[in-house]
Amino acid sequence: SSGWIPATAAAAAAAPGRERAKVVVDVLRQLAVRFLAKEELESFHFQRDFLLPFDRVVACCRWPDVRELAVCCVGQAVLSCGPGRVRSGWRVVFKVLTAAARDPVEQVCAAAFQLLERVSADLFLHLGQAPPVPVARPTAAAMA
């Protein structure tokens, strides 16, 4: 595992300024998109390594807009390469979705449900099946 990647995520979550945190998350997004576009061999886990920082940002960052950005970045990384190419990254994707779905800020929670809908629809299409019927998104009040 690349040690500097989690350290960068921790820096994003604890950055002294919101704009600096956004820049760090965007750099992580660029790296994740590049590495998810590459074929991952069975014994490697670089997808997981490059997505794991987003989980830390969603779980630890104090700014809701940065947490929402992290969710959107995970979505862009997964959807840009196609869900069929994701291997070791799935567990982290679902950890990000779970953490974001529990977020007290409705925009972060809504971003998670939107990403889940898009990824599941793309995955079903990849598998040659019709996507499931979308379910109603719970509101923050319903989740409390």
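1. Of the 144 residues of the chain, 40% count as buried, where buried means under 20% relative accessible area with a 1.4 Å probe and protein chains only. The chain exposes about 7,900 Å², of which carbon and sulfur atoms supply 58%; accessible areas come from the Shrake-Rupley method with a 1.4 Å probe.

2. This is a predicted model, in which local features need pLDDT of at least 70 and side-chain atom pairs count only at pLDDT 80 or more, while totals for chains, interfaces and linings use all residues. Residues are numbered from 1 along each chain as its sequence is written, and side-chain values use heavy atoms, with hydrogens and water left out.

3. The chain has seven helices and zero strands, helices being DSSP runs of H or I with at least four residues and strands runs of E with at least two, numbered from the N terminus. Among contacts in the chain with a separation of 6 or more, 67% come from residues 24 or more positions apart, contact meaning heavy atoms within 4.5 Å.

4. The axes of helix H3 (residues 46–60) and helix H4 (residues 64–81) come within 8 Å and cross at roughly 155 degrees; axes are lines fitted to C-alpha atoms over the stretch in contact, and angles run from 0 to 180 degrees between N-to-C directions. H3 and H4 are therefore roughly antiparallel to each other, a label for angles over 145 degrees. On the H3 side the contact is made by Leu 51, Phe 54, Val 57 and Val 58, and on the H4 side the residues include Arg 67, Ala 70 and Val 74. By class, this contact of H3 with H4 has 10 nonpolar, no polar and one charged residues, with Ala, Val, Leu, Ile, Met, Phe, Trp, Tyr, Cys and Pro counted as nonpolar, Asp, Glu, Lys and Arg as charged, and the others, Gly among them, as polar.

5. The axes of H4 and helix H5 (residues 90–101) come within 10 Å and cross at roughly 150 degrees, and H4 and H5 are therefore roughly antiparallel to each other. Val 71, Val 74 and Val 78 of H4 make the contact with Trp 90, Val 93, Val 96 and Ala 100 of H5, which by class gives seven nonpolar, no polar and no charged residues.

6. Cys 109 is found in helix H6 (residues 106–126) and is buried, with a relative accessible area of 4%. Not counting residues up to four places away in sequence, Cys 109 touches Ala 100, Ala 101 and Asp 103.

Technical notes. Parallel < 35°, antiparallel > 145°, perpendicular 65-115°, else oblique. Buried < 20%, exposed > 50% of the residue type's maximum accessible area, 1.4 Å probe, protein only.
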